[in-house]
Amino acid sequence: MSTLQLRDVSKKFGANTAVANVSVEVKSECLALLGPSGCGKTTTINMIAGFIKPDSGEILVNDNDITSVPPHRRNTGMVFQDYALFPHKTVFDNVAFGLRMRGVPKAEREKRVREALDLIGLSQLGHRFPEQISGGQRQRVALARALVIRPSILLLDEPLSNLDARLRESLRDEIRRVLTTTQITSVFVTHDQAEAFAVADRVALMNHGHIVQVGTAKELYQRPIDRFVAKFFGDCNFFQGRGGPLSDGVVFVDTNGGPVRVPAGEGPNSSSASELTIAVRPEQMFVAASESQGADVNCLSATVSSIRHLGSITRYEAALRDSSVVKIDQQQPSDGVVVGQSVFVCWAAEHGMLLNAAAVK
Amino acid sequence: MSPAINGTADLSWFGRRSNGNVFASAFLYGGMAVALVIFLVFFLAPMIYMLIESFKPPMMSGEADALTFENYRSFVTDPLYQTILQRTLRVAALSSSLMLLCGYPVAYLLRIVGPRTRSRLFFFVISPMLVSVVVRTYGWVVILGKEGVLNSVLLAAGIDNGFSRSTHLFNMTAVVIGVSHVFIPLMILAIYNSLQKVDFSLLKAAANLGAPPYRVFFEVTLPLTLPGIIAGLTTVFPLAMGSFITVAVLGGPAVWVVSMSAYQQATTLLNWQFAGAIGAALLIAVTIIVGLFNFVMSHIVREQVRP
C-alpha cells in the first residue's frame, strides 16, 4: 500500500496564503481534510493531484518526490465535487478512460471496468450516458472511474456536497465500505465534520492554511488542542486561569469563576503555574442547587440568566461571578430552578479539557 | 397586470399568453406585426423578386415575358460557370478551414485567460468588424502588394529574390487569407461559445486519469466543442461562398467567383434575369452543402455528444 507524505507544503495566491507549512503522512488509511471554506483544504488536494504547484515543500508518494510530476503521470485517482463525468461518453467508457490512457488491452480493460461497476452496484448502467443517471449514481461512477486505474492515492474532493441529505448518507457509507475493502490510501476533503468522522480514519482539521490538529474523531472531540478545534466540534465553555500545583495527574486552575480541577493530560499541556484554558462542553455540565462535595466534581457559583426547553434538551445560561456566561445542556431539567436563582454549575473533573496554553490569546 | 403572487414572477409580458390583458396582447401582437413587416420587406420580397426575375427570358432577347428555365439551363450547361462554381467552392472551403485552424486557438485562449485579459482580447477580435470590409481588404493590398509591407520586410531582411520582387495579390492564397480575415471573428465567437460550456473539471479529470495534454484535447475538448465548430462552419462557409468585395479586390479576374459573375451580369451587362438565376444557383448550392454537412455532422455529434 502507498504512503503519501506532505512536507512543509506552502502555497500563496498573490498576497493570500492558501496553504502554510502543511506536513502530514497518510498510509493505507483515509485522512479527511476538514475545515471551514477557504481553509486551504481544496488547494491541498489539488496540489496532491498536481493541478496546483506548491511554492515550497515536497509531496512524496512511496518516498518518491512527485512535486514536479505533471498530473497525468501521478497515478492519483480523483473524485470531483461536480462528478466531472465526460458527458459524451457512456458510463462504461467513462470508467474505461483511465485504462485506455494507460494502454491496458481491450479484453482486460473490459473485465476491470465490469469489476469496478460491480463494486459500486451499477453493472446494469454501463451503456447509459451520464445525464441519463441520477446524481448519486453519477458520483458512484466517478468513484469507480477513479478506482479502476488502481491509483496509489485516491483523492475525494467534497464528493458528497452536491447530493441531497439522504443520498449523502448512503453514499458516505458506500465510500467508507469501498475504502475499507480496498485499503487504499486516500485523502477526503470536506467541510462537514459528520462526513469526515464517518468516512475517514483520521481527520486533519485545517484553518487559515494550517493543519491545526490531526487525530481520530475521538481525539479531536475529547482532546482539542485549542479553542478553534474545541469550538469546531460543538459548543464549548471556556475557563481561563493560572495553573496551580499538579497532583495525581490533576491540575488546579484558579479561574475567574473559581478554582477548578482538570486532568493534566500529556505533554506541554500539563505545564502548571502558567495561564491555562479549560474547555467544557455544555452537555457535560449540570445545574445544581447546592454545591456537590467531592474531589471529582467542579462547581462554580452562578446565577441562572435564561432557561430554554429545546425538545430533547434544556439549555440553561448562567452568569458566573465575573459575569461571563456559561451554557449548560441538560437532558433532564433541574427541578425548581428558575431564572435569577443562585445555583452551582458543575461538571465532573474528568470532562474538563485542558487546551494548549500557547493558543490562549 | 396582477402583482407577482408568492414570489412567482408574472411572465405574461414575455410572450406567454396573457389572460386577456388588452395592453399586454396589443404589445405582443403589435411587436409581432412589426417583425413580420420587416421580415417581408427586407428579406422575403427581394428574394421573391430575384426568383421571379430569374425565370424570365433575358430582357435584351426581346422575347415575351413567358416564364422559362433558360437562365438556369445556360448556367448549368456552360462549362465556364461550372469552373467558376468549383472555384467559389474552393475559396469557401479553404478559407473556412483556415478560419477553423486559426480561430480555434484564439477561442481557446479567450476561454483560459482571466476576465480582464479576456475583455481586452475580445475587443481585438471584434474590432475588425467595426471597420468596413473594403478598408479591411485594402489593408491586405497594402501588405501583399508588390511594394507592400511583406516585400519591404523581406527585402530589409536581405531576402532579395523573385518572391520578394513580385506581387502576392491576385491569386487564390491572397483571396483565402482576405476572406478568412473578414469572417474569422464569427468563427472565433462560435467556438468560444461552445468552449465556454466545457467544464474545466472535465479536463482536470482527464489529466488525472492519465491523459497527456494532447489526448485531453482530442478525447474531451474537441468532441465537446464540435457543436461550436459546426455552428462556426455553417456560418462562415455561406458567407465565404457569397463574398464579393474581398475576392474582387484581392483576386481580381484571376480568382473569378460566382458573386462576381452575378455582379457583372446585373451591373455591366444589365441582364438581371441571368444575374437572378446565378444568385438563386448560389443560394441553392450553399443550402445543399450546408444541409448535407449538418446532416452528416448531426449524426457524428449524436454519437459523440449526447444532448
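**View 1. A:Asn21 sits in strand 2 (residues 16–27) of chain A.** Strands are DSSP runs of E with at least two residues, and helices are runs of H or I with at least four; both are numbered from the N terminus. The model is predicted: local features need pLDDT of at least 70, side-chain atom pairs count only at pLDDT 80 or more, and totals for chains, interfaces and linings use all residues. Residues are numbered from 1 along each chain as its sequence is written, while chains are lettered from A and ligands numbered from 1 in the order in which they are written. Phi of A:Asn21 is positive, near 45 degrees, and this residue is not a glycine. Is A:Asn21 buried, exposed or partly exposed? A:Asn21 counts as partly exposed because it has 15 C-beta neighbours inside 10 Å. The scale runs as follows: buried means 20 or more other C-beta atoms within 10 Å of the residue's own, exposed means 12 or fewer, and partly exposed lies in between, with C-beta atoms placed from the backbone.

**View 2. A:Gln183 lies in a loop of chain A.** A:Gln183 is not a glycine, yet its phi is positive, at about 55 degrees. Why is A:Gln183 called exposed? It is exposed because 11 other C-beta atoms lie within 10 Å.

**View 3. A:Lys12 belongs to strand 1 (residues 3–13) of chain A.** With 15 other C-beta atoms within 10 Å, A:Lys12 is partly exposed. Which residues does A:Lys12 touch, leaving out those up to four places away in sequence? They are A:Thr17, A:Ala18 and A:Asp55. Touching here means contact: the C-beta atoms of two residues, placed from the backbone, lie within 7 Å. A:Thr43 is 31 residues from A:Lys12 along the chain, and their C-alpha atoms are separated by 9.9 Å.

**View 4. Chain A is divided into two parts, domain 1 (3–227) and domain 2 (234–359).** The bounds come from an automatic or database domain assignment. Taken over C-alpha atoms, the centres of domain 1 and domain 2 of chain A are 40 Å apart.

**View 5. Chain B is built with twelve helices and zero strands.** Read along the sequence, its pattern is α-α-α-α-α-α-α-α-α-α-α-α. Chain B has 307 residues, and 29% of them are buried. Take the contacts in chain B between residues at least 6 apart in sequence: 72% join residues at least 24 apart.

**View 6. Chain B has domain 1 (1–54) and domain 2 (78–304).** Their centres, taken over C-alpha atoms, are separated by 35 Å. The contact between them takes four residues from domain 1 of chain B and six residues from domain 2 of chain B. On the domain 1 side, two residues are nonpolar, one is polar and one is charged. Nonpolar covers Ala, Val, Leu, Ile, Met, Phe, Trp, Tyr, Cys and Pro; charged covers Asp, Glu, Lys and Arg; the others, Gly among them, are polar.

**View 7. Chain B meets chain A through 18 residues of chain B and 20 residues of chain A.** Which elements give two or more residues to the chain B side? They are helix 8 (200–208) and helix 9 (213–242) of chain B. Helix 8 of chain B gives the most, with six residues. The chain B side divides into ten nonpolar, four polar and four charged residues.
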